[in-house]
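Please open the model in your viewer and keep the sequence panel beside it, so that residues can be selected by number. The tour moves from one selection to the next and says what can be found at each.

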Amino acid sequence: MTITSATTSLDLPTADWLDPAELARDPYPSYERLRREAPVAWSPAVKKVLISSFEGCSFGEQHPEIFSSSVSGGTLVRAMGGRPLIRKDDPEHAAERAPMNRTLRPKQIMEVWTERFETNAREYLERMISSGNGAADLNTDYAVPVAAKNLCDMVGMPQVDPLELARWSTDFIAGTGNVLDRQEIWDRCERSRQECDAALDETIARLRRQPDPSITSMLLEGGMAEEQVRNNVKLTISGGMNEPQHMITNMVWLLERAPEQKAEVLARPELWKQVFTEAVRYFSPIGMITRQTTSDVELHGVTIPCGTQIGMILASANRDADRFRNPDAFDIHRDGGTNLAFGNGVHQCAGKWAAQKAIGEIAVPMLYRELPGLRLDPERAETWGGWVFRGMTSLPVIW
């Protein structure tokens, strides 16, 4: 297969066997084959050059001057109706991210948001217990509303029904991963954009009168144009639901299959941070991120032409045996170094510390404290969805 850019035409390895439907069922066997056969490969089905190794993805994240976030014709921009900061390079990216960071750094998470995270987790846990008769779907009854209510608070939209915001996020995520260009998904994105913008009309007007510690308020106080505030709030809604929601179910699913490690964590609560770190490596909710090369670059002996769209498969990088010993095992005592679940470099996910606190230190530990008999329902199996963004759509539990 020949890839043609504005500057050059070069042959690249081709993964013509890669099937998006198979990726949606279980992407990890395909990722292992990519790493083994062609860690840099053109995929006709995905219409990108895929980088699947830890070395390659890490290099891309550390060299944004070569692997640009300003991607032409990207699905993310279409899904959200504008270009948020994640689709920009420094210095423009840094200028837009700086006001957001004011409320998302660890100190601010502790001082401003921790109490709210605890209140929200307790509210929805009590609802699940009172209505569940000893059984529930942990995704729909706990993970979704907890993540959504935390996000409503953090973006300054307390007037929005958390489940409505969760639907917007699902639609934006579906659009961002819509590599097969399905019109039904674009229609969903349009509907959710209109609803989100209507809510932002009220939110922005209120926050101009009464600023608060929310992300939207920080963006407005930073002098950002209103259109760009809206773009970045939609970005926050999409990414701010995906990882926290799926990490609740991922952590429980993994611990229930590792009873010795579960017992150790319950006896030593200081290990919860390690559970979160290992779970986000093992099942990376952000499966792939998109970049575009600004010059020819060689990786793994392959020259990628300037102007090529790249899919950096973070979920594959986090299972790379060249980086992590026994990578397909869940091990809370792993010492293999930093993973790429939240990206790396200047584009590392701004919500990393919020997710670690809200989910890894509050929502999941509280679940096990209040429901010591919690376990997976042996009569009902979990269901999964997605691969660009992947997580459980259902996790039946009993207690």
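What follows is a walk through some helices, strands and single residues.

This is a predicted model, in which local features need pLDDT of at least 70 and side-chain atom pairs count only at pLDDT 80 or more, while totals for chains, interfaces and linings use all residues. Residues are numbered from 1 along each chain as its sequence is written, and side-chain values use heavy atoms, with hydrogens and water left out. Helices (H or I, at least four residues) and strands (E, at least two) are DSSP runs, numbered from the N terminus.

**Helix α8**

Select residues 162-176, which make up helix α8, a run of 15 residues that reaches 21 Å from its first C-alpha to its last; this is close to the 21 Å expected at 1.5 Å a residue, where the expected span is 1.5 Å times one less than the number of residues. Eleven of the 15 residues of α8 are buried, so the helix is largely enclosed by the rest of the structure. Here buried means under 20% relative accessible area, exposed means over 50%, and partly exposed lies in between (1.4 Å probe, protein chains only). Among the buried residues of α8 are L165, W168, F172 and I173. Now show the partners against which the buried residues of α8 pack, including α4 (75-80), α7 (138-154) and α11 (226-256).

**An open sheet of three strands**

Next, select β6, β14 and β11, which form an open sheet in the order β6-β14-β11 with antiparallel pairing; two strands pair if DSSP finds at least two bridges between them. Because β6 (135-137) and β11 (375-376) stand at the edges with a single partner strand each, one side of each is left without a neighbour in the sheet. Between β11 and β14 (residues 396-398) there are two bridges, and L376 has V397 in β14 as its bridge partner.

**A hairpin**

Move on to β12 (residues 383-385) and β13 (residues 391-394), which pair in the antiparallel sense over three bridges. G385 stands opposite G391 in β13, and in the hairpin, which has five residues between the strands, G386 takes a positive phi near 85 degrees.

**Helix α15 and residue K262**

Select residues 352-370 for helix α15, whose 19 residues reach 26 Å from first C-alpha to last, close to the 27 Å expected. Of these 19 residues, 14 are buried, which leaves α15 mostly covered. Then select K262, which lies in helix α12 (residues 259-267). Is K262 buried or exposed? At 14% relative accessibility, K262 counts as buried. Leaving aside neighbours within four places in sequence, K262 is in contact (heavy atoms within 4.5 Å) with L255, E256, Y368 and L374.

**Strand β10**

Finally, select β10 (residues 309-312), where both faces are covered: Q309 and G311 on one side, and I310 and M312 on the other, are all buried. In a regular strand the side chains alternate between the two faces of the sheet. Strand β4 (residues 48-51) pairs with β10 in the parallel sense over three bridges, with I310 as the bridge partner of V49. Strand β7 (residues 289-293) pairs with β10 in the antiparallel sense over four bridges, and there Q292 has Q309 as its bridge partner.
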